[in-house]
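Welcome, and thanks for taking a look at this one. Please have the structure open beside you while you read the notes below.

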Amino acid sequence: MGYERALSALYLEESRRVAQIEFLGHTEFIAKVSGLNPVEQPEEALSKTLAKLDTDMIWFTYTPLENFIREKYEGIEVRKDSWSQAYPTEWRKISRVESVEEILDFDPFDAWNIPSLEDLREDFEKTHNKFQTIYKSQLVPGGTYHTCLMWLIKMFGLEWTVKAAYLDPKGFEKLLERFGNLSLLEAKAWSQTSIKAFISHDDICSTRGPFFPLSWMRKYLFPWYNRIWRELKSKGIIVLFCTDGNMTPIVDDIARAGADGFIIEECSDLEYIAEKYGNEKVIIGGVDISTLTYGTKEDVINEVKRCLKAAGSYPGYFINISGSIPDNVPLENLEVYFKAVKKYGLRPLRISQ
């Protein structure tokens, strides 16, 4: 049911229940639901948990070209004390940068051994099939963590990236073009696979809004989004854009660039975005992770009701906890959350006005 329900939501078709996608990494919760040890069997435990929870789509991004960046980093750390014991995060130290010129002169096509389009396509298809086999009950999209600007942020850090953009706009435009073409190559490869949807991630906002002036983004960045997404959309693939922070100020631009949906955090205006785009776009997210972490059980239920009231009546809405679900969320609050979604997520919504 989850796979089909996800497709219905992606294609804006009415379904009996609001769809759901979660980036779940809560070790204790996964162990309890699955009956397995997620530290020893991470994929099996998570797959069984998501199937039992009857969720509909998994969070997935895959950027094998990032391996070529590793030599530019001072080192890579895996912290077992990070957000999840069973699913620890790799913390990459950014490369040492000593000047803006060093950044502007960088060309990934000269520095890295970029695979061919066919090699990328085969790798993407193989990887997608592998994960779709693991998560049989859910739809597995394609996806990238580096739509365009994220390449630079991951390599050089946000501060140096912003500095380069402001000090030499023309030089930065050429740099962005090189990485845009890299992402375009990935998009062409993904477009030749069997995926139904694609998560396109680029961190371009903070909680206060976009990192750059809208005029700059409209001139330099959003045209690349349009070019990259056209490759996917030409094959009928649903494009879902994701950024950290408050997307509200740029949501119209993201829509004009061609995104079929938005993955938003709690600091974005869910009610506004749903009212404006709920009948024509997929909308994912809105649930405040801080409510689950620090709130009462009643707070959690009210947060579910708030999001469903704002967007649950629209066919393309996926309820989702913003960001991820780490180990520090109280177990009882997480259990209440999933029960509340099932109870109040049936259409017509059973939410008291």
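Let's begin inside the sheet: Cys-242 has Ile-263 as its bridge partner in S10. Please keep in mind that this is a predicted model.

**Strand S9 and its partners**

- S9 spans residues 238–242 and pairs with S10, residues 261–264, in the parallel sense over three bridges.
- Phe-241 stands opposite Phe-262 in S10.
- S6 and S9 also run parallel, joined by five bridges.
- On that side, His-201 is the residue opposite Cys-242 in S9.
- Ile-238, Leu-240 and Cys-242 point one way from S9, while Val-239 and Phe-241 point the other way, and all are buried.
- Because five of the five residues of S9 are buried, the strand is largely enclosed by the rest of the structure.

**The sheet as a whole**

- The eight strands form an open sheet with parallel pairing, in the order S2-S1-S12-S11-S10-S9-S6-S5.
- S2 (57–58) and S5 (142–144) are the edge strands; each has a single partner strand, so one side of each is left without a neighbour in the sheet.
- Helix H1 (residues 2–10) packs on the sheet, and the strands it touches are S1, S2, S6, S9, S11 and S12.
- The direction of H1 makes about 130° with that of S12.

**Nonpolar cores**

- The largest nonpolar core has 103 residues, and those touching the most other members are Phe-172, Ile-204, Tyr-225, Trp-229, Phe-262, Leu-334 and Tyr-337.
- Leaving aside residues up to four places away in sequence, Tyr-337 touches Gln-20, Glu-22, Val-287, Leu-292, Val-300, Val-304, Ile-319, Asn-320 and Ile-321.
- Another core, of 17 residues, lies apart from the largest one and includes Ala-6, Ile-21, Ile-238 and Phe-318.

**Helices H7 and H9**

- H7 (residues 149–156) packs against H9 (residues 169–191) at an angle of about 110°, and their axes are 8 Å apart.
- That angle makes H7 roughly perpendicular to H9.
- H7 contributes Leu-149, Trp-151, Leu-152 and Met-155 to the contact, and H9 contributes Phe-172, Leu-175, Leu-176, Phe-179, Leu-182, Ser-183 and Glu-186.
- By type, the residues of this contact divide into nine nonpolar, one polar and one charged.

**Arg-256 in helix H11**

- Arg-256 is found in H11, which covers residues 251–257.
- With 58% relative accessibility, Arg-256 counts as exposed.
- Not counting residues up to four places away in sequence, Arg-256 touches Arg-218 and Asn-226.
- Arg-256 and Pro-223 are 33 residues apart along the chain, and their C-alpha atoms are separated by 9.8 Å.

**Backbone details to check**

- Leu-12 is not a glycine, yet has a positive phi of about 60°.
- Leu-12 lies in the loop between H1 and S1, and at 27% relative accessibility counts as partly exposed.
- Asp-54, not a glycine either, has a positive phi of about 60°.
- The place of Asp-54 is the loop between H3 (42–53) and S2, and its relative accessibility of 24% makes it partly exposed.
- Arg-347 and Pro-348 are joined by a cis peptide bond, with omega about -5°.
- Pro-348 is found in the segment after H15 (331–344).

Methods: Residues are numbered from 1 along each chain as its sequence is written. This is a predicted model: local features need pLDDT of at least 70, side-chain atom pairs count only at pLDDT 80 or more; totals for chains, interfaces and linings use all residues. Side-chain values use heavy atoms; hydrogens and water are left out. Axes are lines fitted to C-alpha atoms, for helices over the stretch in contact, and angles run from 0 to 180 degrees between N-to-C directions. Helices (H or I, at least four residues) and strands (E, at least two) are DSSP runs, numbered from the N terminus. Angles under 35 degrees count as roughly parallel, over 145 as roughly antiparallel, 65 to 115 as roughly perpendicular and the rest as oblique. Contact means heavy atoms within 4.5 Å. Ala, Val, Leu, Ile, Met, Phe, Trp, Tyr, Cys and Pro count as nonpolar, Asp, Glu, Lys and Arg as charged, and the others, Gly among them, as polar. A nonpolar core is a set of buried Ala, Val, Leu, Ile, Met, Phe, Trp, Tyr and Cys residues joined through side-chain atoms within 4.5 Å. Buried means under 20% relative accessible area, exposed over 50%, partly exposed in between (1.4 Å probe, protein chains only). Two strands pair if DSSP finds at least two bridges between them.
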